[in-house]
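Colleague: Can you put the model up? I'd like to go through some helix packing and then the ligand site.

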Amino acid sequence: MIVKFNRSTLSISWTVVFTSLLATGAVGCKKKEGDKTGTGAGTGAGTGAGTTVGSGPGPTAAGGGGGGGAGKIALLLPESQTARYEAADRPFFEAKFKALCPGVEIVYSNANQQAADQQQQAEAAIAKGVKVMVLDPVDGDSAGVIVKNAKTKNISVVSYDRLIKGGATPDYYISFDNHRVGQLQAEALLKKLTATVKGKPKITMINGSPTDNNATLFKQGAHSVFDGKVDIVKEDAAANWKPEEAQQLMEQFIAAVKPKGFDGAYQANDGTAGGAIAAMKTAGIDPKTKPTAGQDAELAAIQRILTGEQYMTVYKAIQPEAEKAAELACALYKGEQPAAGMVTGKVNNGTADIPSVLLAPIAVTKDGGDGTSSVADTIVKDKFYGPETVAQICKDYADACKAAKLQ
Ligand code: BGC
């Protein structure tokens with residue numbers, strides 16, 4: 001059954017989906033046996049532009065794309081400064097897709113946050129004869145042109161993690177409940193500040209790239225919690241999701257409101273949280289005194305959370321997201337319907353109701369509580385960075401790890 005979700009039903013219904021994912025062990029960046037490509041999120045990033053994997057004879061069942069050779073699909077990711085894309089999204093997608101659609105080539109590109117480059121990468125993939133495109137857009141609106149162009153060639157499109165808009169109709173959308181991500185960030189920060197600050201807490205806000213529909217949803221979700229309950233003394237957006245943009249913004253904020261002029265800081269993700277925290281240190285502020293929020297459960301952020309430099313992050317299990325995208329891509333490649341029960345909702349992108357798969361995010365703090373889960377119960381339990389998760393977190397952080405009972 002396909003259900004059209006409005007905002008209030010969304011989080012409840014997707015909790016059910018997430019619980020069943022947990023029960024089947026599908027959640028978390030757990031490295032499975034035989035999964036040689038999965039390195040786990042937050043372990044590093046590469047550029048990887050324009051490479052292909054998995055060449056070989058095409059399957060007999062499917063029309064194998066243009067050029068008369070083996071069949072092809074495309075995976076187009078938006079940037080590489082945020083660890084997740086090269087460390088988790090790509091390897092988990094590739095491993096699952098190769099298992100499901102053996103012999104079908106994956107044309108891979110990373111746009112390094114340049115919408116024009118992504119446009120060219122998409123054109124190159126179309127010229128190579130891909131049959132399916134899994135696209136995480138740098139710019140949700142301008143990517144509409146890519147989809148319209150693909151559709152004229154009968155190429156199916158999966159809108160991956162970020163919603164594609166711009167008058168286009170992708171076949172599927174897979175992501176997390178991104179409005180909920182913003183709410184989780186704000187709820188955790190608000191509770192922490194209300195417990196520690198006298199009067200209305202004062203916060204700074206650094207949102208994500210305005211061309212990313214997710215950033216809009218994070219911001220809306222956060223404002224739905226903050227508005228009326230905190231004073232937002234400064235707010236701006238990191239135009240390209242870059243840590244250094246956030247660092248500069250935070251330097252300007254601190255210069256304007258002075259160190260005593262804010263109690264806590266909202267950043268849309270862990271990369272920008274890292275930038276904002278660096279700015280605090282430069283200004284002589286101990287970040288432990290200014291609770292901050294981020295997102296992605298990046299390794300560096302988890303280490304900051306253990307030492308108290310960052311208050312919270314949002315954990316999004318990338319493995320099920322990437323693997324479900326691979327399942328959708330393989331089904332589309334073969335001209336089949338996705339497995340029953342996989343697509344459970346619809347999200348409107350301004351043009352049409354797009355059949356959607358949305359996963360549930362989790363708020364994480366060092367020890368959990370107040371509506372958040374602990375590092376031990378999430379990242380460590382799920383082995384988010386692979387089998388060596390604890391060793392990776394605790395390298396150079398032995399004391400903090402012992403204090404948090406991780407070792
Ligand atoms: C993703 C986040 C990521 C951000 C920057 C968003 O669309 O959902 O996980 O941190 O982009 O790449």
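Modeller: Here it is; this is a predicted model.

Colleague: Left-handed or right-handed crossing for helix 5 and helix 6?

Modeller: Right-handed. On the helix 5 side the contact includes Val-181, Gln-185, Ala-186 and Leu-190, and on the helix 6 side Leu-217, Phe-218, Gly-221 and Val-225 are among the residues. By class that contact has 8 nonpolar, 9 polar and 3 charged residues.

Colleague: OK, on to the ligand. Which residues are around the ligand?

Modeller: Glu-79, Thr-82, Arg-84, Asp-161, Arg-162, Gly-208, Asp-212, Asn-214, Trp-241, Asn-269, Gln-295 and Asp-296. The shell divides into 1 nonpolar, 5 polar and 6 charged residues.

Colleague: And which domains does the shell around the ligand draw from?

Modeller: Domain 1 (31–176 + 318–359) and domain 2 (178–316 + 361–403), with at least three residues from each.

Colleague: Back to helices. How do helix 7 and helix 8 cross?

Modeller: The axes of helix 7 (residues 243–257) and helix 8 (residues 270–282) come within 7 Å, crossing at roughly 40°. That makes helix 7 oblique to helix 8, and the crossing is right-handed. Met-250 and Ile-254 of helix 7 are among the contact residues, as are Gly-275 and Ala-279 of helix 8.

Note on methods:
Residues numbered from 1 in each chain as written. Predicted model: local features only at pLDDT ≥ 70, side-chain atom pairs only at ≥ 80, totals over all residues. Left-handed = near helix turned anticlockwise from the far one by under 90°. Helix = DSSP H or I, 4+ residues; strand = E, 2+ residues; numbered from the N terminus. Contact = placed C-beta atoms within 7 Å. Nonpolar A, V, L, I, M, F, W, Y, C, P; charged D, E, K, R; others polar. Near = placed C-beta within 6 Å. Domains from an automatic or database assignment. Axes fitted to C-alpha atoms, helices over the stretch in contact; angles between N-to-C directions. Parallel < 35°, antiparallel > 145°, perpendicular 65-115°, else oblique.
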